[in-house]
Amino acid sequence: MKQSNVPFRGTKEQEKELLRVIAAHKDEKGCLMPIMQAAQDIYGYLPYEVQKIIADGIGIPVEKVYGVATFYSQFTMSPKGEIEISVCLGTACYVKGAGDILEEIEKIIGIKDGECTSDGKFSLDSCRCVGACGLAPVIIVGGDVYGKMTVEKVKDVLAKYQ
């Protein structure tokens, strides 16, 4: 299992909330998905530590929780940064150089697609379409949309968020 480069920072309050959810659902058939969804709502992601609490709480191997977490795209095992960066890799953006823009962002902030910086400041995710094809290629940084991006513009855009 790939561990996140960000240390787990779960609180006792979050753990108590998760244990309440587990207690309320553990005797129901098919309880794993709703518990995992609640856990992700509580923590924002499903690190190993949270998967272990779930597994122990409902009496299943942690590998089963991991299998579900990696199968369904709604679950993430990496935390999101304070500033989320999305790079559209939809067809219009991709053919206009979005792959190169993604690589440049990875180089500048020192993480790969799907990761979060160790200080929790930035997370980076590619996506398939943001619905702004006329502005391709597009990135979104902290909720701000930047169209007609180029590799050369990336450094200046990210500097606004440093």
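Helices (H or I, at least four residues) and strands (E, at least two) are DSSP runs, numbered from the N terminus. The model used in these exercises is predicted.

**Exercise 1. The chain as a whole**

Task: State how many helices and strands the chain has, and in what order the elements run.

Solution. 
Step 1. Count the elements: the chain has seven helices and four strands.
Step 2. Read them in order from the N terminus: α-α-α-α-β-α-α-β-β-β-α.
Step 3. The C-alpha trace spans about 55 × 30 × 25 Å along its principal axes.
Step 4. Of the 162 residues in the chain, 41% are buried.
Step 5. Among contacts with a separation of 6 or more, 62% are between residues 24 or more positions apart.

**Exercise 2. Helix 1 against helix 3**

Task: Describe how helix 1 and helix 3 pack, and say which residues make the contact.

Solution. 
Step 1. Locate the helices: helix 1 covers residues 12–25 and helix 3 covers residues 48–58.
Step 2. List the residues. Helix 1 contributes E15, L18, L19 and I22, while helix 3 contributes V50, I53, I54, G57 and I58.
Step 3. Sort the residues of this contact by class: seven are nonpolar, one is polar and one is charged.

**Exercise 3. Helix 3 against helix 4**

Task: Find the angle at which helix 3 and helix 4 cross, and classify it.

Solution. 
Step 1. Take the geometry. Helix 4 is residues 62–71, and its axis comes within 8 Å of the axis of helix 3, with a crossing at roughly 120°.
Step 2. Apply the cut-offs: an angle from 65 to 115 degrees is roughly perpendicular, and one over 145 is roughly antiparallel. Helix 3 is therefore oblique to helix 4.
Step 3. List the residues. Y48, Q51, K52, I54 and A55 of helix 3 meet V62, V65 and Y66 of helix 4.
Step 4. Sort the residues of the contact of helix 3 with helix 4: six nonpolar, one polar and one charged.

**Exercise 4. Helix 6 against helix 7**

Task: Describe the packing of helix 6 on helix 7 and the residues involved.

Solution. 
Step 1. Helix 6 (residues 98–109) and helix 7 (residues 151–159) have axes 9 Å apart, at an angle of about 40°. Helix 6 is therefore oblique to helix 7.
Step 2. The crossing of helix 6 with helix 7 is right-handed.
Step 3. From helix 6, the residues in contact are D100, I101, E104, I105, I108 and I109; from helix 7 they are V151, V154, K155 and L158.
Step 4. By class, the residues of this contact are seven nonpolar, no polar and three charged.

**Exercise 5. The two faces of helix 7**

Task: Decide which residues of helix 7 are buried and which exposed residues lie on the face turned away from them.

Solution. 
Step 1. V154, V157 and L158 of helix 7 are buried. These residues cover an arc of only 90° around the axis, so they are on the same side of helix 7.
Step 2. The face turned away from that buried side carries the exposed residues E152, K155 and D156.
Step 3. Look at what covers the buried residues of helix 7. The cover includes strand 1 (83–88), helix 6, strand 3 (139–141) and strand 4 (144–146).

Terms used
Residues numbered from 1 in each chain as written. Predicted model: local features only at pLDDT ≥ 70, side-chain atom pairs only at ≥ 80, totals over all residues. Heavy atoms only, no water. Axes fitted to C-alpha atoms, helices over the stretch in contact; angles between N-to-C directions. Parallel < 35°, antiparallel > 145°, perpendicular 65-115°, else oblique. Left-handed = near helix turned anticlockwise from the far one by under 90°. Contact = heavy atoms within 4.5 Å. Nonpolar A, V, L, I, M, F, W, Y, C, P; charged D, E, K, R; others polar. Buried < 20%, exposed > 50% of the residue type's maximum accessible area, 1.4 Å probe, protein only. Arc of directions from axis to C-beta.
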